[in-house]
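Q: Please take a close look at a single part of this structure, and then follow the chain from there to whatever lies around that part. A plain account is enough.

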Amino acid sequence: MDMETKTFLLANGSSPLSLTSNYILPPERRPNLSQLSTLASIPIIDLMEPSAFVVEQVSKACEEYGFFQIINHGIPQELCDRMMAAITDFFELPPEEKAPFFTTDHTKQIKLYNYYVKDGTQNKVSMWSECFSHPWHPLDDILHLLPQNPPQYRDVVAEYATEIGVLMKRLLSLISQGLGLEKDCLERKLGEKPLLRAQGNYYPPCPNPELTLGLNVHTDLGALTIVRQSEGVTGLQVMKDGKWVAVEPIPNAFVINLGDQIQVLSNGRYKRQ
């Protein structure tokens, strides 16, 4: 079946997702896709380049954008593809199989949920997405609580989390060095037990994307976010010099997003977006 004609059922929905009034944003908050910049994008950094050059490029990207993409990062594409397939399979399960994870209580460790914003009359406008979030470390504490269906989900998460943990330490080291600090400075500042979470965002095809958003405009509260985009799907946008810039997906690349904590720890030298 063609993706454009597939129906999608939310975990808390009894009928196929459609662009009803509760998804339509007020005119002043709608995306203006015609004004999206296609002339520039965020920096692309090859981690196979000489170390000093990589540190310099990461530092420049952190100062000017707060976002960058990395290639040759060491995580096999085959593993990334399996992780993306597993989370997609989860979102595409029948609603009754996803329902046990659905909640409006955001204090829960493992949660399937929908974002919303309030319009000018305090009515809730739902975002055009479904999100699944859970910790990925320590694995022994969480793995048995993750979905059993799709059957490969737990094993893939365990393998993927191990690789992401190594990459995150490497990135924190590069960012620390860019600030003129010891390699492990930021990792130590974040503590021995930092909050490490995985989140999958699923954006069904939208019949009129000018009327709604997958996620609202936001910055990340944490220190660092490693994003894997779906290949061939352009949706992520970042603000640069007052203009929205599309982040084009690159095969086997990760998008690195600085969060609020890095901006604070760098005394404002590095931006969060």
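A: Asn72 sits in the loop between β2 (67-71) and α2. The model is predicted, and in the model the phi angle of Asn72 is near 55 degrees, a positive value in a residue other than glycine.

The axes of helix α2 (residues 77-91) and helix α5 (residues 153-178) come within 10 Å, and they cross at roughly 135 degrees. An angle over 145 would count as roughly antiparallel and one of 65 to 115 as roughly perpendicular, so α2 is oblique to α5. The crossing of α2 with α5 is left-handed.

On the α2 side, the residues that meet α5 are Leu79, Cys80, Arg82, Met83, Ala86 and Ile87. Their counterparts in α5 are Tyr153, Val156, Val157, Glu159, Tyr160 and Glu163. Sorted by type, the residues of this contact divide into nine nonpolar, no polar and three charged.

The peptide bond that joins Asn149 and Pro150 is cis, with omega about 5 degrees. A cis peptide bond also joins His137 and Pro138, where omega is about -5 degrees. Pro138 is found in the loop between β6 and α4 (139-142).

Strand β6 belongs to an open sheet of three strands, in the order β3-β6-β7, with antiparallel pairing. β3 (111-113) and β7 (197-202) stand at the edges with a single partner strand each, so one side of each has no neighbour in the sheet. Neighbouring strands of this sheet are turned by 15 degrees against each other on average, direction ignored. In general, strands of a sheet pair through backbone hydrogen bonds. Strand β6 (residues 130-135) and β7 pair over six bridges in the antiparallel sense. Cys131 stands opposite Asn201 in β7.

Charged pairs are the last topic. Side chains of opposite charge can pair when their charged atoms come close. The structure holds eight salt bridges. One of them is formed by Glu63 with Arg269, whose closest N and O atoms are 2.6 Å apart. Glu63 lies in helix α1 (residues 51-64) and Arg269 in the segment after α7 (260-265), so this pair ties together parts that are 206 residues apart in sequence.

How values were computed. Residues numbered from 1 in each chain as written. Predicted model: local features only at pLDDT ≥ 70, side-chain atom pairs only at ≥ 80, totals over all residues. Heavy atoms only, no water. Pairing = 2+ DSSP bridges. Helix = DSSP H or I, 4+ residues; strand = E, 2+ residues; numbered from the N terminus. Axes fitted to C-alpha atoms, helices over the stretch in contact; angles between N-to-C directions. Parallel < 35°, antiparallel > 145°, perpendicular 65-115°, else oblique. Left-handed = near helix turned anticlockwise from the far one by under 90°. Contact = heavy atoms within 4.5 Å. Nonpolar A, V, L, I, M, F, W, Y, C, P; charged D, E, K, R; others polar. Salt bridge = Lys/Arg side-chain N within 4 Å of Asp/Glu carboxyl O.
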